[in-house]
Amino acid sequence: MSLSLAMASRASRSLPRSLPAPLACRRLPGAAAQRAFSAAKHAGGARETSADSPFAFLPANALVPKTGRGEKSKGLTEIRGSYYNPVTYTYLDELLSDWGEFVDGVKFAGGAFTLMPPARLKSLIDMVHSHDAYVSTGGFVERVLASSGGDTKVVGKYLEECKEAGFDVLELSSGFLTLPTDDWAALVKLTKAVGLKPKPEIGILFGAGGDTAGLERTGTRDPRWVIERAETFLAAGADRIMIESEGITENVAAWRTDVVSALTSALPVDRLMFEAAEPAVFAYYIQTLGADANLFVDHSQAVQLACLRKGIWGTSDLFGRVTTFKPDQARGK
């Protein structure tokens, strides 16, 4: 036997008969396949948080604590799930296990959720709920309205199926459509009656919602148009208003910060959520509105936004400048 073969033979005999737990568990089906580095829990069963970190002695901003599924009034972070990239069960479970303290909701962009096997969709939604986060549809209601001619039975069936699947929030956008304000408000009321939280999305740019280039050439609406509709929808029972980024910080030659000022001056800021799926954009909103701004970002940006809110890191223009003052909360928690 050659020296190399002899060494290989001895090495194979020295290997353990079973794989180490972190590797072996990947072969097991179902719940047994949870990876060994998923979020640890205290002996009593409570999930660990950043307050349990050995680095918790270091100064960090106090933030509004996470309660329920998006029940806190401000400082919400909603992340984008599957659409531009597939966001799988395993990836999302690990993301929320590590960073769920800083994620309040997960949104399926577009109508991606309608293409998933129903058992897989329900399982994914249940998993997000297990991390105390809500699940929102994207603006797929536009497709439902356009394809059905606004048929109340079809729209009603869509809402019921979303509720049955486990969704908590239904986004009601009309960026691609012209829809009378009263009809839009009726959708808000119907959504609430079904047991879902209505989240109308409003923007100043017609045709927004699909990341379509060149929309700025069509012109923009006056901010007052957005304000009036937001007031109507809040009065009709909307849980929160999503502000579309296109026309404000997206597909524009220069950011329309005047629109942001007009909206936040006329409307309750804690009832607004701003689409901000670019680091420079969510940094602007944190700089302008503070760490308690409600923001929608990509799943890949959740950690960067958390660091910015906590004031522990950021680009040179915000490094060490994001602060909070919450006397009723312990520092760093």
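Okay, some housekeeping. Residues count from 1 along each chain as its sequence is written, and side-chain values use heavy atoms, with hydrogens and water left out. Since the model is predicted, local features need pLDDT of at least 70 and side-chain atom pairs count only at pLDDT 80 or more, while totals for chains, interfaces and linings use all residues.

When I say helix or strand, I mean DSSP runs, numbered from the N terminus: H or I over at least four residues for helices, E over at least two for strands.

Let's start with helix α5, residues 141-148, and α6. Their axes are 9 Å apart, and the packing angle is about 155 degrees. The axes here are lines fitted to C-alpha atoms, for helices over the stretch in contact, and angles run from 0 to 180 degrees between N-to-C directions. That angle makes α5 roughly antiparallel to α6; the cut-offs are under 35 degrees for roughly parallel, over 145 for roughly antiparallel, 65 to 115 for roughly perpendicular, and oblique for the rest.

Who touches whom? On the α5 side it's V141, V144, L145 and S148, and on the α6 side V154, V155 and Y158, with contact meaning heavy atoms within 4.5 Å. By class, that contact has six nonpolar residues, one polar and no charged. For those classes, Ala, Val, Leu, Ile, Met, Phe, Trp, Tyr, Cys and Pro are nonpolar, Asp, Glu, Lys and Arg are charged, and the others, Gly among them, are polar.

Now the other partner. Helix α6 (residues 152-165) and helix α7 (residues 181-194) have axes that come within 10 Å and cross at roughly 40 degrees. That makes α6 oblique to α7. This crossing is right-handed too. From α6 we get V155, L159, E160 and K163, meeting L187, L190, T191 and V194 of α7. Those split into five nonpolar, one polar and two charged.

Why do residues in a helix line up on one side? An α-helix has 3.6 residues a turn, so residues three or four places apart point the same way.

Next stop, α11, residues 302-310. Which of its residues are buried? They are A302, L305, A306, L308, R309 and K310, where buried means under 20% relative accessible area, exposed over 50%, and partly exposed in between, using a 1.4 Å probe and protein chains only. Their cover includes β1 (77-80), α10 (279-289) and β8 (295-298). Just after α11, G311 has a positive phi of about 75 degrees.

On cysteines: C162 is buried, at 2%, and C307 is partly exposed, at 21%. The disulfide count is zero, taking a disulfide as a pair of cysteine sulfur atoms within 2.5 Å.

Last, the loops. Most residues other than glycine have a negative phi. D132, between α4 (118-130) and β3 (134-136), has a positive one, near 60 degrees, and is partly exposed at 44%. N251 also has a positive phi, about 60 degrees, in the loop between β6 (241-243) and α9 (257-266).

And T178 sits in the loop between β4 (169-173) and α7, exposed at 67%. Its C-alpha is 8.6 Å from that of F206, 28 residues away in sequence.

Terms used
Left-handed = near helix turned anticlockwise from the far one by under 90°.
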